[in-house]
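I am opening a notebook page on this model and will write down what I looked up, entry by entry.

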Amino acid sequence: MEKQLEQLARQGTEAIEQASDLNQLEQVRLDLLGKKGRMTAILRQMGQVPPEQRPALGALVNDVRNKLEEGLAKRQQQLSRLEMEQQLAAEKLDVTLPGRRPSRGAVHPISRVCRQIEDIFLGMGYSIEEGPDIESDYYNFVALNLPKNHPARDMQDTFYIGEEMVLRTHTSPVQVRTMERLAPAVPLKMICPGRVYRKDDDATHSPMFFQVEGLVVDKGISMADLKGTLQLFARQMFGEKQQVRLRPSYFPFTEPSAEVDILCTGCGGKGCRMCSHTGWLEILGAGMVHPRVLEMSGYDPRQVTGFAFGMGIDRVAMLKYGITDIRHLYQNDLRVLEQFEGGM
Ligand code: DAH
């Protein structure tokens, strides 16, 4: 037994030294000192040892156990430190590497055009108004001289919410709301950009799109004021060489009414596919505010007159940036939007 203990001490010490990580060391510990280990196996023979030899043998057992435990503890410390150092080495951070650049945001072409339009009209002394997207039949139609069953209601494919409410089909109801609020004060000069909705969906129509409405009410406002204003706008928006042309048209809320064209942004007026070889592109509807509309909103049409216009912001953005499919504006494809990088 003495020999076995000495062998255990020798081989144990060696095994401890050879353990190369903490897992292995634990295996060695179990093998030497564990319940089913070699020390336990040796101690089982103690019963056969004559009693007078037991104290000396007992002391040797303690020596060997202490020695092995000491060895295990020391090796454990060494291995822990080693593993920590390896971990730190693996986590090493090179603070001299360049950082990752955040990708730059871009202003959406519709927001961009909308802000440009606002800037232009703010510069002419207009205020910016807003109205609700969910509008009453009264403001969207009746107060704009479109009573129930008026055939011109069919010009706009309306989303109805019950009988009396609609998703507004144009920004024109904001004209009425603003006049009601300010009448009979003059001058009234406002624009109102916002979302509008129609049952329409193809390359040039989206069921939700953006319009901006303009309205001026004052003493002595004429069609010449309308044309001059739109001329100034077109030049600031599309370039100094721009021109506008008015064609007679019909809207229930204006009399007379006009459709307004600008020189084709594709060919500058020479004629190309984009303008069907006419040299002109339609950008808005306009006219002199109908006396009935003025009257319903609280103005006296014998005292004041007004002009109004309504324009598609999407359409302006498409013409300005040469976008051929309106859906590009609403699919949020980064390859499209990133082309507009930079603020405004
Ligand atoms: N509301 C019309 C539409 O959506 C556009 C329009 C035409 C607005 C003439 C006006 C106007 O203010 O005078 O088609």
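What distance separates the centres of domain 1 and domain 2, taken over C-alpha atoms? I read 92 Å between the two centres, with domain 1 covering 2–89 and domain 2 covering 110–340, bounds that come from an automatic or database domain assignment.

I note for the record that this is a predicted model, in which local features need pLDDT of at least 70, side-chain atom pairs count only at pLDDT 80 or more, and totals for chains, interfaces and linings use all residues. Residues are numbered from 1 along each chain as its sequence is written, and side-chain values use heavy atoms, with hydrogens and water left out.

I next looked up helix α1 (residues 2–18) and helix α2 (residues 22–33), whose axes come within 9 Å and cross at roughly 165°; helices here are DSSP runs of H or I with at least four residues, and strands are runs of E with at least two. Axes are lines fitted to C-alpha atoms, for helices over the stretch in contact, and angles run from 0 to 180 degrees between N-to-C directions. The pair is therefore roughly antiparallel, the term for angles over 145 degrees. I listed the contact (heavy atoms within 4.5 Å) as Leu 8, Gly 12, Ala 15, Ile 16 and Gln 18 of α1 with Gln 24, Leu 25, Val 28 and Leu 32 of α2.

I then turned to the open sheet, where 3 strands follow the order β2-β4-β3 with antiparallel pairing, two strands being paired if DSSP finds at least two bridges between them. β2 (134–136) and β3 (160–161) stand at the edges with a single partner strand each, so one side of each has no neighbour in the sheet. I found 3 bridges joining β2 to β4 (residues 165–167), and Ile 134 stands opposite Leu 167 in β4.

Key
Angles under 35 degrees count as roughly parallel, over 145 as roughly antiparallel, 65 to 115 as roughly perpendicular and the rest as oblique.
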